[in-house]
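Please look at the structure before reading on.

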Amino acid sequence: MKYVTSKQMQEIDRKAQEEFNIPSIVLMENAGRAASEIILDMIPQEREEEVKIVCVCGKGNNGGDGFVCARHLINNGINTDIFLLSDPNELKGDAAINCRILQNMRARINIINRVESLALLENKLKGAEIAIDAIFGIGLTGEVKGLCRNVIDLINESADEVISLDVPSGLDATEGTILGTCIKATKTITFALPKTGFAKNCGPAHAGEVITVDISIPETLLV
């Protein structure tokens, strides 16, 4: 299977939007929905009412993917708590739209804006079967610091099953190096094509099982 760097994937996304006129929000919807379908398949039907999921979202497009995924889980009757590492008013573009949809649905969105907020997250993680990591995507280049670092470390310490969307948060998607700290995922649901960092350096140990899903990018851009 073909692997791509962060820059190559960003260029593919750009061409899908500019040359094929696929709105970015459609790609986000397809990504989040595809991820939700894989997660739903992991849950035995007889346990759907009792399973609890925690979805932790950053303020960028990876967080937007998480919002979409959480919405579809909620619509399928799954108890899903959402945590956001940002003030909702600071969100932009497609992520802001998908956050507003959840707010209109009266979904539980817990804001993590100080160290004291971590206690609730820790409590929810310990009671959840699955934690969804939607904090940072392929665009991350700098070292993870501050509260984001605390959150990633807490997920690693407290969650049994961690599913990362597109890339484990904190992993350089191109080089497979750790940018300060990194989610250690059980599974990584990556979009369109796997990233080169999954097969290099620390990538294999942190990406877990990599599942690549179709988000409707034209095949001519993927070959």
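**Exercise 1. Describe how α2 and α3 pack: what is the hand of the crossing, and which residues meet?**

Solution. Begin with the hand: α2 passes α3 in a right-handed crossing, the near helix being turned clockwise from the far one by less than a right angle. Helices here are DSSP runs of H or I with at least four residues, numbered from the N terminus. The model is predicted, so local features need pLDDT of at least 70 and side-chain atom pairs count only at pLDDT 80 or more, while totals for chains, interfaces and linings use all residues. Residues are numbered from 1 along each chain as its sequence is written, and side-chain values use heavy atoms, with hydrogens and water left out.

Next, take the geometry: the axes of α2 and α3 come within 7 Å and cross at roughly 50°, the axes being lines fitted to C-alpha atoms over the stretch in contact, with angles from 0 to 180 degrees between N-to-C directions. The two helices are therefore oblique to each other, given that angles under 35 degrees count as roughly parallel, over 145 as roughly antiparallel, 65 to 115 as roughly perpendicular and the rest as oblique.

Finally, list the contact (heavy atoms within 4.5 Å): Met28, Glu29, Ala31, Gly32, Arg33, Ala35, Ser36, Ile39 and Leu40 in α2 meet Asn61, Gly64, Asp65, Val68, Cys69, Arg71, His72 and Leu73 in α3. By class, this contact has 8 nonpolar, 5 polar and 4 charged residues, where Ala, Val, Leu, Ile, Met, Phe, Trp, Tyr, Cys and Pro count as nonpolar, Asp, Glu, Lys and Arg as charged, and the others, Gly among them, as polar.

**Exercise 2. Work out how α3 is oriented relative to α4, and which residues make the contact.**

Solution. The axes of α3 (residues 61–75) and α4 (residues 93–104) come within 8 Å and cross at roughly 25°, which means that α3 is roughly parallel to α4. This crossing is left-handed. From α3 the contact takes Gly64, Phe67, Val68, Arg71 and Ile74, and from α4 it takes Ala95, Asn98, Cys99, Ile101 and Leu102. These residues divide into 7 nonpolar, 2 polar and 1 charged.

**Exercise 3. Complete the set with α2 and α4: at roughly what angle do their axes cross, and what is the hand?**

Solution. The axes of α2 and α4 cross at roughly 55° and come within 9 Å, and the helices are therefore oblique to each other. The crossing is right-handed. Ser24, Ile25, Met28 and Glu29 of α2 make the contact with Asp94, Ala95, Ile97 and Asn98 of α4.

**Exercise 4. Identify which element gives the largest share of the lining of the largest pocket.**

Solution. The largest share, 6 residues, comes from α1. By class, the lining divides into 8 nonpolar, 8 polar and 6 charged residues.
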